[in-house]
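Reader: I'd like to learn how to read a protein fold from its coordinates. Could you walk me through one?

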Amino acid sequence: MSSETPVLRAEDLHKSYGDSKVLNGVSFEIERGQIKVVCGPSGSGKSTLLRCLNLLTWPDKGRVWLEGEEITDPTKDVNKLRQKIGFVFQEFNLFNHLTAQKNVSIALEKVKKMRKDEATKLALSELKRVNLEDVAHKYPAELSGGQKQRVAIARALAMNPVIMFYDEPTSALDPQLIGEVLDVMKKLAQERLTSIVVTHEIGFARSVADEIMFMGEGTILERGPPDQIISNPKHETVKQFFKRINELYRREER
Amino acid sequence: MTTVWEFIPYIMSGITWTLGLVGGGLAIGFAIGLPISIGQTYGGKEMKSLLDTYVWFFRSLPLLVLLFLFYWGIFPASGYKLDSLAASIIVLGLRSGAYQSQIFRGAIASVGDAQLVAARSLGMRKLSGVQHIILPQALRISLPGWSNEYAIMIKDSAITFALGVLEILTRTRYVVMATHEPLLPYFFAGGLFIVLTYAGTKAVSVVYEKTKIPGLIGRM
């Protein structure tokens, strides 16, 4: 595979639910090692975009390639392709009946058919990567929100994905827990793990994103380097959005 | 009076039959009900309406009608010569399957779709996700409802006296007919049903406590 092949490429994605058009022609690509942040008001199609990219939701129209291989080809085995995409959910979606370690190792055992002891070993090392080796034996309901989300990140990382999707990973967290999750995400970003991050954490976007894609009305309204989009956007909707976010941000810092 | 008490071992040996009816019925009901609940939740439109029809049929007819229909009608007509015990177990099982399916269906729904979406996002196939992620949680959640099904089944099993199955009630009736003394035998039979119901539901609630997911409170 040539080094120019983007890790992921989306072309003209459309998705409607009934009469409401959620995605209305979204195209972009992401190179190896890039971090893209997706922002936009709620209902602008950010989560739907992520779900269409790993076919948790099938787009009505449009195509997606992962490492040059078209995954929207209906003859392809989606389950194989999804293993290469790590997905981190807003509400964590940890498996409630399994310990943190089992949450990470179950897909290794059942999907990758790894031996149990190998899967356990790998799970523990992934938990260590997100600083959670000491809660490996605990169940999700015994963990804080920040710990849950880090287990979820470890669970995704264990599959050795070529790209990570984060769907508002800190939106369900108490303010004092956001930092520990962002720190892990920053660390992974600095390791150049290709990622698409739906978030409104401006600080995170500024420090690690290569590009911000701002979504609205089902399309990408504006895109560019974080500083440009946050401080000097052209589109009126984007201007308004960041004006409000910046006000909020300053108020919190005070 | 003494004659009545002499029959107590005879009535007591009906416990084995009652437990056979209940155990067999619940086991068949589980084997039928669980796949039905999975089909109803995840299956296609045609499969759903087929399964709905099954559930609707067995929940609509009185147990007595089902017993007569199958024992005197459907089994002989389709060439099966089943004795009354086997026929009763099968009918109790077919019927319990309809009820159990609704217990499991509710439990699966309360586990929530997000769990399966997470499993799918890791590349798990749908059925594998149902097996490893959904069912272990749903079966725990369904235990209280399932213990209710046991309590109902214990009592329903007595209706098989109509086919002469030698369970507790049938034997008690024979004793009453022989002694012309209804009060004590029926009291005794009633006591047996109370003990069996209590012991069974207690056992299920012990299992429920033992298999509780640590930290998860109030969800089940």
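This is a predicted model: local features need pLDDT of at least 70, side-chain atom pairs count only at pLDDT 80 or more; totals for chains, interfaces and linings use all residues.

Reader: Let's begin with the whole chain. How many helices and strands does chain A have?

Author: Chain A has nine helices and 10 strands. Its radius of gyration is 18 Å, close to the 18 Å from the globule rule for 254 residues, so chain A is as compact as a globular protein of that length. The C-alpha trace spans about 55 × 55 × 40 Å along its principal axes.

Reader: What percentage of the residues in chain A is buried?

Author: Buried residues, those with 20 or more other C-beta atoms within 10 Å of their own, make up 48% of the 254 in chain A.

Reader: Now the sheets. What is the strand order in the open sheet of six strands?

Author: In chain A the order is β6-β7-β8-β3-β9-β10, and the pairing is mixed. At the edges stand β6 (85-88) and β10 (219-224) of chain A; each has a single partner strand, so one side of each is left without a neighbour in the sheet. From one strand to the next, the twist averages 20°.

Reader: In which sense do β7 and β8 of chain A pair?

Author: Strand β7 (residues 163-167) and strand β8 (residues 195-198) of chain A pair in the parallel sense, over four bridges. To find this pairing in your viewer, look for Tyr166(A), whose bridge partner in β8(A) is Val197(A).

Reader: And which strands form the open sheet with antiparallel pairing?

Author: That sheet has four strands, in the order β2-β1-β4-β5 of chain A. Its edge strands, β2 (20-30) and β5 (69-70) of chain A, each pair on one side only. Strand β1 (residues 8-17) of chain A runs antiparallel to β2(A), joined to it by eight bridges, and Tyr17(A) stands opposite Ser20(A) in β2(A).

Reader: Which helix lies across β1, β2 and β4 of chain A?

Author: Helix α1 (residues 46-53) of chain A does, running at about 120° to β1(A).

Reader: How many residues are in contact between chains A and B?

Author: There, 19 residues of chain B are in contact with 21 residues of chain A. On the chain B side, α7 (113-121) and α8 (126-156) are the elements that give two or more residues. The largest share, six residues, comes from α7(B). By class, the chain B side divides into 10 nonpolar, seven polar and two charged residues.

Reader: How do I describe two packed helices?

Author: Use the angle between their axes and the distance between the axes. For helix α4 (residues 45-60) and helix α6 (residues 84-111) of chain B, the axes come within 8 Å and cross at roughly 120°. The crossing is left-handed. Residues making the contact include Tyr54(B) and Phe58(B) of α4(B), and Leu94(B) and Tyr99(B) of α6(B). By class, this contact has six nonpolar, two polar and two charged residues.

Reader: Finally, which loop holds Leu55(A)?

Author: Leu55(A) lies in the loop between α1 and β4 of chain A. Its phi is near 65°, a positive value in a residue other than glycine. Leu55(A) counts as partly exposed because it has 18 C-beta neighbours inside 10 Å.

Reader: And where does Glu67(A) lie?

Author: Glu67(A) is in the loop between β4 and β5 of chain A, with a positive phi near 50°.

Note on methods. Residues are numbered from 1 along each chain as its sequence is written. Chains are lettered from A and ligands numbered from 1 in the order in which they are written. The radius of gyration is taken over C-alpha atoms; the globule rule is 2.2 Å times the number of residues to the power 0.38. A residue is buried if 20 or more other C-beta atoms lie within 10 Å of its own, exposed if 12 or fewer, and partly exposed in between; C-beta atoms are placed from the backbone. Two strands pair if DSSP finds at least two bridges between them. Axes are lines fitted to C-alpha atoms, for helices over the stretch in contact, and angles run from 0 to 180 degrees between N-to-C directions. Two residues are in contact if their C-beta atoms, placed from the backbone, lie within 7 Å. Ala, Val, Leu, Ile, Met, Phe, Trp, Tyr, Cys and Pro count as nonpolar, Asp, Glu, Lys and Arg as charged, and the others, Gly among them, as polar. A crossing is left-handed if the near helix is turned anticlockwise from the far one by less than a right angle, and right-handed if clockwise.
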